Amino acid sequence: MISRQPSRNRTTLRECLECPTCAKPLESRHDGCRFLTDVANGCRCRIRRHRSQGAIRQRLLDLGFVPGVEVEMVRCATLGDPLEMRLGDYYVTLRKREADLIEIAEG
Amino acid sequence: MATTARDITIGLAGQQNAGKSTVFNMLTGANQHIANYPGVTIDKKVGSYRDERGRVEVVDLPGCYSLTSYSLEERVTRDFLLREKPDAVINVIDAASLRRGLYFTFQLLEMGFPVVMALNMVDVAESQGRSVDADQLARLLGIAVVPTVARKKRGKGALRRAIRNIAGGDGFSAIAAESTYRIDYDALETPIAAIEGALADSKTLSRVVALRWLAVKLLEGDAESRSLVRQYHAHPDPVLDAVDAAARDFEAFHAISTVDYIASCRDRVAAEIVGRCQQVARPGTVHLSEKIDRVLLHRGLAPLFLVLTVYLIYEISIVQGYKLTFLTWPALAWVRATVAGLLPDPGLLHDTLIRSLSLWMVDSVNTLLNYVPLFLILFALIAILEDSGYMARIAFILDRVFRSFGLHGQSTLPFILGGVFTGGCAVPGIMATKGIPDERSRLATILTVPYMNCLAKIPLYTLLVNIYFTAHKSYVMLFISTITIIMAMIVAKLLTTTILSGRETAPFVMEMPSYHMPTLTGVLRRAIDRTWSYIKKVGTVVVAVAICVYVLLQYPGLPGERRDHYDAEMDRAVTAFQEQTRESDYAALLQGPRILELLNLSAAYREAKLAAGNQEASTAVDVRFEERHSELFPLLRPRDAEARAVNRALRNLATDRATLRTQIREETIVHSYFGTIGRALEPVTRFAGFDWKINVALISSFAARESSVATLGALFQEGADENITLEERMAREGGTDGRTPLHALALILFFALYPPCLAATIFPSAW
């Protein structure tokens, strides 16, 4: 489920995915899954599954990237990486490389 | 019950950024010390306080998000809890991010500890419109919950009472200690129960840990839990096989791994609890922190603010801080003069060893202590950056840059402590690398931090900058740090692509803390702690090195015939003086050892007159000298023609003596061990513009970087007895030698890329 912030709720889901600020082009995907890097600034999505293992996965889970949780993409750093996300009431930064290992659920 | 039973030990645990250390400070006050956990270099902060029933020892555990065995902090915390079994655990939790904080609380409760929750920063949560009902939370979890604002010392008494209630050993409090709270793992409950049953076969195991916790950990695939089973269980293999089978089956059936499932169960329960005890007053409002970040972390403006911050730190600490040294120098000069007064009087040409060695030590230490105010300001500013939360933003902005060189956003703090902002120390910098989860980046950071401009390099920089680049201090310092960063980055890149390329890497996943107003005490405490560790280093390493350097600079000493030559010269000067004064009324006074006494007295008198700031003090000096040396005083301050003539002759003699002493000093160093090496290197270093004096300073700074300035201070001694600063002395000599800013720059660059000091070399090898 991907939705816009209430203030910008007129933007469609398609526009949201294509808003290019930090997003990565979609054609690199082979399996049609969407990942956290596909989410544009100000957009929200839900975590579906982790593709990482071990320490990285544990760290992401500890910081609240738990399946089913809603995540909002807040911003990216000046050079486009890392990304800052909002999970409920706190903020977490992670690199694109890790964000790319988090599958998100589609609407 | 015995009185000792009332003394208790409690662990203080919590996630990072929950304000754990402020709670620790609030509970224990100044009564803290730092110990070590066995085998690791993480500091174990232990503090204590007394309440009406006895002593309470508080152990500040490293901040960690969870109790897995992936990171060092988590392992240390877990080992402490399992092995030392504290009487209770205080769980510090950030009221403003309660949901995630509860993950950790659940794990503590599963381990079976009596837990007191310090619901910290309730004021922040309230201001964000998300106040937490502490009583409701306590009811839901079955533990004591104390709302605190540790920064303002609110909740201290209540927290202490709660601790005593739960761990005091009283009959009725045992009820509170037995939290019956259980997280419902739903579909995993059956396998958990089965594993728990299998584990219960081992009686030792059930004494060591809570079995349900262990069962959950095993299903999470935790490596250390497996070794616990192997260690204590009589038949570990069937149990572990059963765990693996259960995890496999679960994953196949539910299409989600047990790790994810356990995490989402905890998250679900946490969300339920938060829903029942937290009222969100204004949903959808944007936090103040986020509003600030919209400006400070704005994609285009962020680098600008970063550069501005760095520049401000230079300006305040180095430029303004340097002005403070004008205030501290007279105090240090006074110390030197006092020490000089206590020591045996100087000889005509040659001083006793005790005098020259002691003064050498005082000079060495003084040169460094002179910069203490500067470091104090610098460390305070860094503490403000850390406490306010901007440090994490710097990591965020710079991570991409660091990553291209194989480093990590969290390398920022080690580099800053190491001295990017000019002035740090490689040792705390290296210690701070423990926060970097990525092994390759951590090693690369450890190996490049010594390139930073540590405290010990700063005195030399400040010295040279103040002599040669007075007009552009900030810019030159900025240039120095830029060039060192560039060099460090190149080295880091080389290391990570070559010898470190096989090392494990880890993610940059970091919580962005909310902005907080730093507290005065917190900032001061950290600034003073770090400055103190610097002073301790001065007191140990530098003093030890200074003695070695002294020996290497003074021995083997002057060759016999040169010594005789100088003695003869001095005799000639003394005889000339006696000739000139033979006819005067004072001739009787001016015989043998009295001449030396007079010389030393007149030097002391001149110094005292110089030190006297105003007319009154000057008169006081006169009175004092007249009282103590009534016989010789007329010669110091001549009132009649004869005395004036003697005084003139005396001054000539003093000049001759000073010239001879300088010549001796220089010749001694030329003939010394270091001088020999320094001069031997001169044909090579000449191309960089280093003369042998600089060579000697550089050689001695191998042992400790601090020694370079101390050695220079001793080498450029002309005028040291007049208490003028080393800057002036070096500028005076440099001017005659034709040294230019270019020479200074070459020296600065060489020093920037110089091998690390002994302490920084020894330290990482202990890891």
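**Domains of chain B**

I looked up how far apart two domains lie: the centres of domain 1 of chain B and domain 2 of chain B, taken over C-alpha atoms, are separated by 28 Å. The model is predicted, so I noted its limits: local features need pLDDT of at least 70, side-chain atom pairs count only at pLDDT 80 or more, and totals for chains, interfaces and linings use all residues. Residues are numbered from 1 along each chain as its sequence is written, while chains are lettered from A and ligands numbered from 1 in the order in which they are written.

I then checked the bounds, which come from an automatic or database domain assignment. Chain B has domain 1 at 3-177, domain 2 at 187-254 and domain 3 at 560-668.

Next I looked for contacts (two residues whose C-beta atoms, placed from the backbone, lie within 7 Å). Six residues of domain 1 of chain B touch eight residues of domain 2 of chain B. I sorted the domain 1 side by class and found two nonpolar, three polar and one charged residues. For these classes, Ala, Val, Leu, Ile, Met, Phe, Trp, Tyr, Cys and Pro count as nonpolar, Asp, Glu, Lys and Arg as charged, and the others, Gly among them, as polar.

**Where chain A meets chain B**

I found 32 residues of chain A in contact with 34 residues of chain B. The chain A side has 16 nonpolar, seven polar and nine charged residues.

Which elements of chain A each supply at least two residues of that side? They are helix H2 (54-62) and strand E6 (90-94). H2(A) gives the most, with eight residues. Helices (H or I, at least four residues) and strands (E, at least two) are DSSP runs, numbered from the N terminus.

I followed E6(A) across to chain B. Four bridges join E6(A) to strand E8 of chain B (residues 509-512), and the two run antiparallel. Strands pair if DSSP finds at least two bridges between them. In this pairing A:Val92 stands opposite B:Glu511.

**Each chain by itself**

For chain A I listed three helices and seven strands. Their order from the N terminus is β-α-β-β-α-β-β-β-α-β. Chain B has 35 helices and eight strands.

I looked up burial last. A residue is buried if 20 or more other C-beta atoms lie within 10 Å of its own, exposed if 12 or fewer, and partly exposed in between, with C-beta atoms placed from the backbone. Buried residues make up 44% of the 107 in chain A and 43% of the 767 in chain B.
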